[in-house]
Amino acid sequence: MSETPITMRQLLSVIFAALLSPAIRVLPGSTAQTAGEAGWLAPLLALPAVMALCWVLFKLLSHLPSGAGLAQACSLVLGKVGGKIALALCLLWGLLQLSVTVRMCGQRFLITGYRNRPVLFYIIVLLAVALWMARGKLAAFARAGEIFHAILAVTLGAVLLLAAFRMEPENLFPIWIEDLPAVGAAAVPVLSLMGYAVPGAFLAGGLKRQDKDRSRALWWAVWLCLLLSALLLVTLGCLGPD
């Protein structure tokens with residue numbers, strides 16, 4: 001029996017859940033260091049490039065047969081040998097990302113008060129959970145992504161709303177035309193963050209394709225950049241760029 005296909009909505013929910021943690025960890029500091037008070041504008045300047053990335057991925061997948069994802073695209077575009085090399089590089093990069101992320105998550109357990117165990121214990125537990133999820137069905141993973149997406153979105157929205165009352169205008173303004181080059185440089189970390197979304201294209205092989213998928217993904221990119229801008233706005237407004 002073939003596996004139940006996933007929807008574009010579920011795939012985007014999984015990608016959002018994957019992006020949120022590195023976004024909170026990386027973007028406020030990097031954008032403030034580069035652009036100061038204007039750092040919250042960086043996701044807005046990155047929006048055209050993010051939408052272009054979505055368009056390119058959909059353009060590529062539209063030429064693939066049903067049931068094919070980015071892995072099959074590498075073989076079709078680069079050939080058998082080139083495709084295997086590209087996939088090996090993607091795998092190595094994914095393992096590097098996994099190593100860094102699981103280390104940071106383990107340290108986060110220690111910071112939040114679980115100091116009675118070494119960090120290696122939490123790393124092993126996290127890797128075991130990741131292995132268990134990877135061996136499960138893609139449809140179940142996608143449904144869980146929808147649930148986590150809803151919880152994370154509501155929680156983040158509530159936190160931003162409550163924190164907005166503590167914002168200080170002098171932490172955000174004034175912004176001058178001369179600040180725009182720095183804002184453009186601050187958009188680079190935002191685009192780097194979007195690299196976490198590219199592995200989601202490997203799951204496109206299990207995607208139930210619909211005509212409205214492309215527009216849904218483009219609107220998702222718009223709302224994601226707006227959310228990241230709001231996150232940076234509130235963070236800088238409350239804490240200041242320093």
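User: What makes S229 count as buried or exposed in this model?

Analyst: The model is a predicted one, and in it S229 has a relative accessible area of 6%. Buried means under 20% relative accessible area, so S229 is called buried.

User: Where does S229 lie, and which residues is S229 in contact with once its neighbours within four places in sequence are left aside?

Analyst: S229 has its place in helix α7, and, with those sequence neighbours set aside, S229 is in contact with W40, P43 and L44.

User: Why are α1 and α7 described as roughly parallel to each other?

Analyst: The axes of helix α1, which covers residues 8-35, and helix α7, which covers residues 213-239, cross at roughly 30° and come within 10 Å. Angles under 35 degrees count as roughly parallel, and α1 and α7 are therefore given that description. As for the sense of the crossing, α1 passes α7 in a right-handed one.

User: Which residues meet where α1 and α7 are in contact, and of what kinds are they?

Analyst: On the α1 side the residues include F16, L19, I24 and L27, and among those they meet in α7 are W220, L224, L228 and L231. The residues of this contact divide into 18 nonpolar, two polar and three charged.

User: How do α5 and α7 pack, and what is the handedness of their crossing?

Analyst: Helix α5, made up of residues 138-164, packs with α7 at an angle of about 35°, and their axes are 10 Å apart. The crossing in which α5 passes α7 is left-handed. In this contact L156, L160, A163 and A164 of α5 meet L227, A230, L231, V234 and C238 of α7, and the residues involved divide into nine nonpolar, no polar and no charged.

User: How many residues does the largest nonpolar core have, and which of them have the most contacts inside it?

Analyst: The largest nonpolar core has 46 residues, and those with the most contacts inside it are L19, L27, V190, M194, W220, L224 and L228. At least two residues of this core come from each of α1, α2 (42-62), α5, α6 (180-194) and α7.

User: What does L19 touch, not counting residues up to four places away in sequence?

Analyst: With those residues not counted, L19 touches L193, M194, Y196, A197, W220 and L224.

Note on methods
Residues numbered from 1 in each chain as written. Predicted model: local features only at pLDDT ≥ 70, side-chain atom pairs only at ≥ 80, totals over all residues. Heavy atoms only, no water. Axes fitted to C-alpha atoms, helices over the stretch in contact; angles between N-to-C directions. Parallel < 35°, antiparallel > 145°, perpendicular 65-115°, else oblique. Left-handed = near helix turned anticlockwise from the far one by under 90°. Contact = heavy atoms within 4.5 Å. Nonpolar A, V, L, I, M, F, W, Y, C, P; charged D, E, K, R; others polar. Core = buried A, V, L, I, M, F, W, Y, C linked by side-chain atoms within 4.5 Å. Buried < 20%, exposed > 50% of the residue type's maximum accessible area, 1.4 Å probe, protein only.
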